[in-house]
Amino acid sequence: MRSSRVPQALTCGLVALLVAACTGEPETPEPSGEASPSPLPTDFEGDPPPGLEGEVLRHLHGDEADAHDILDDPLGVRISPVGGAFLISSGGEDRHLLHDAATGDTLWEGEARFRGFDTDLDGESVLSLVDPDDRPFVLDSRGRTLWEPAESDDLYLDGAAVRRPDGWTAEDPYGDYTVLDADGEELWTYAFEAEPEPGDEETDEADSDDTDVESGTDEDEEEEEPIDPLGVPVTAWDDTVLLDDGSSALHAYSIDPDDAGEALWSVSSSDEDLELPASAPVNVPQVLGVYEVPDPDAEPTEEPSDEDEVEDADEGDEGEEEETEPTRDVLLVRWAQPEAPSLLSAHDAATGDTLWTLREPGANPVAAPFEEARVPVGLYDTDTATLLLPQASGGATMVAVDLVTGRTRWGLEEEAGAISPAFAHAGLVYGDSRSREDEDRQLVLDAETMDVVSDDLSAYVEAVTETGHAILVQDRQRFVYGPGPGEDTDDAEGDGEPEASDRPSEDDEG
């Protein structure tokens, strides 16, 4: 999240007058020639930044602003986009407001500790929070409670939930696991057991041989089918949960209620497609996320437009059809090795097929098995399927990767490290540029080429939602800028109307 760049109070002039009164003669001072502070502007001046083509909807500061008092926090606020809303967080306390970007309505407000942004099973952004009683909960982008733990140790997992064995640790992760839906209903229960030690395996074989002799079992009888490998749940999407077996492999299983627990596919560091050196230490796969990207292997589908459907109803004629670009979900995994460049691999989320691999510029940290801390992932521009990935070492501090082809589009070299990308929108990357010669400024880069599109903006762009609404900061004022014509402004539910949360706010409680 970004810190506020809007001053909340203008006190310098008042302080100067008080100092002068205390140090001067006890006579009535003559009026100074200094002008009183100008009122906060209510009109936006200049041109909108690149990628924004709408109009100003409202402003957020001043007597004329119909805005929540959290924006007057003397320590400032932090504003971040989530779905079609803005999360406004107090700079002085654990207090938050979810502000509908289109209407300005309050979707949710309350006191909670912010843990971070997460996703649901559809990949939509959600908020992970902890209430004052240390109970975690998750809100969707409309302020509705998506998940609360059914039992105290339940963990949220990308729209699903996991109940791990009692006393679970990364060193001893074995036992009974249960995968639940967001409402706490059990979907699948299984036992993750440790592989037998070499000595134990020989003993088991000997016991099995003795049993076969005693029971007269035919040695040529067909052997039992191998058991599908299991592991610890690390991510979920749609009707799928991904398990890490701790032996450098990931296994996808269904959590669809009709066939929960069915093995779908696996990927391992030993797969030939990855071309990882066999002599290297065991790799710990790090899941970087599931991304929707254009599918270059599919044929475009044709869907009738809304206008054509109306014409068909009125005239009975077959209207023209517009093509929609087919997409697929891609699972991105990093295979890190000590003191060696890490490897990215992209897999079809439905089949597990390896789509491409890419050697990164340098070595990234090797995660410990079942490490709970998530790998920091950069910005994703959906218009160009470009992911900006931070790098821990090597010739670039960040690389821009085309998730369709696996090609590196560009990288931020060490000498260009003064550019800090903040967010991506409409094929553009907004970043802060810092240098000794020039003042801090915001610039806009082309997501595909890194070319500078603009470095002289009329206003600072603080945040942009998935619906194209933006907050622009200009002359001590925040303006909410609407999306351009033709852009989809509906929320994930498609109604565009604010929904009241079923979780009480701090105002309701008090």
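User: How many salt bridges does a search of the whole structure find?

Analyst: The search returns 16 salt bridges, a salt bridge being a side-chain nitrogen of Lys or Arg within 4 Å of a carboxyl oxygen of Asp or Glu. This is a predicted model, in which local features need pLDDT of at least 70 and side-chain atom pairs count only at pLDDT 80 or more, while totals for chains, interfaces and linings use all residues. Residues are numbered from 1 along each chain as its sequence is written, and side-chain values use heavy atoms, with hydrogens and water left out.

User: Why is the contact of Glu186 with Arg163 called a salt bridge?

Analyst: The N to O distance is 3.8 Å; the definition asks for a distance within 4 Å, so the pair qualifies. Glu186 belongs to strand β13 (residues 186–192) and Arg163 to strand β11 (residues 160–163), so the bridge ties together parts 23 residues apart in sequence. Strands (E, at least two residues) are DSSP runs, numbered from the N terminus. Glu151, Asp154, Arg163 and Glu186 are linked in a network of salt bridges.

User: What makes Arg163 buried?

Analyst: Its relative accessible area is 16%, and buried means under 20%, exposed over 50% and partly exposed in between (1.4 Å probe, protein chains only). Arg163 is therefore buried, whereas Glu186, at 52%, counts as exposed.

User: How do you know that Glu448 forms a salt bridge with Arg409?

Analyst: Their closest N and O atoms are 3.7 Å apart, so the pair meets the distance criterion. Arg409 has a relative accessible area of 14% and is buried; Glu448, at 40%, is partly exposed.

How values were computed: Helix = DSSP H or I, 4+ residues; strand = E, 2+ residues; numbered from the N terminus.
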